[in-house]
Amino acid sequence: MINSQYAYDYVYEKILEELREKGRENMPVLPSEKEYCEKFGVSLTTVRRALDRLYNEKIIVKMKG
C-alpha cells in the first residue's frame with residue numbers, strides 16, 4: 001500500500017479490481033465485511049467506508065441478510 005493512500009481507498013481499489021477480474025456474474029455475493037477485514041488487515045469502519053463508496057458509485061447493491 002502506498003503511504004499517502006488512505007486504507008479505505010486501498011480496499012476500494014482492491015475490491016473493484018477483484019470485481020473487474022472475476023466479473024460481477026461470477027461474484028453475485030461479495031465476501032462478508034469481516035472477511036474483508038481479515039483479508040486486508042483493516043478495521044470494520046475502513047471496509048464499510050470502501051463498500052459505501054462502491055455502493056454510492058452504483059457498482060454494488062446492498063441487501064440485508
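Mentor: Helix 2 and helix 3 cross in a right-handed way. Keep in mind that this is a predicted model.

Trainee: How do I describe a pair like that, beyond the hand?

Mentor: Two packed helices are described by the angle between their axes and the distance between the axes. Here, helix 2 (residues 33–40) and helix 3 have axes that come within 9 Å and cross at roughly 110°. Angles of 65 to 115 degrees count as roughly perpendicular, so helix 2 is roughly perpendicular to helix 3.

Trainee: Which residues make the contact of helix 2 with helix 3?

Mentor: On helix 2, look at E33, Y36 and C37; on helix 3, look at L44, V47, R48 and L51. Sorted by class, the contact between helix 2 and helix 3 has five nonpolar residues, two charged ones and no polar ones.

Trainee: And helix 1 with helix 2: at what angle do their axes cross?

Mentor: The axes of helix 1 (residues 7–22) and helix 2 cross at roughly 110° and come within 12 Å. That makes helix 1 roughly perpendicular to helix 2. Helix 1 brings Y10, V11, K14, I15 and E18 to the contact, and helix 2 brings Y36, K39 and F40. By class, that contact between helix 1 and helix 2 has five nonpolar, three charged and no polar residues.

Trainee: That leaves helix 1 with helix 3. Which hand does this crossing have, left or right?

Mentor: The crossing of helix 1 and helix 3 is right-handed. Their axes come within 8 Å and cross at roughly 55°, which makes helix 1 oblique to helix 3. From helix 1, the contact takes in A7, Y8, D9, V11, Y12, I15 and L16; from helix 3, it takes in T46, R49, A50, L51, R53 and L54. The classes for helix 1 with helix 3 are nine nonpolar, one polar and three charged.

Notes. Residues numbered from 1 in each chain as written. Predicted model: local features only at pLDDT ≥ 70, side-chain atom pairs only at ≥ 80, totals over all residues. Heavy atoms only, no water. Axes fitted to C-alpha atoms, helices over the stretch in contact; angles between N-to-C directions. Helix = DSSP H or I, 4+ residues; strand = E, 2+ residues; numbered from the N terminus. Parallel < 35°, antiparallel > 145°, perpendicular 65-115°, else oblique. Left-handed = near helix turned anticlockwise from the far one by under 90°. Contact = heavy atoms within 4.5 Å. Nonpolar A, V, L, I, M, F, W, Y, C, P; charged D, E, K, R; others polar.
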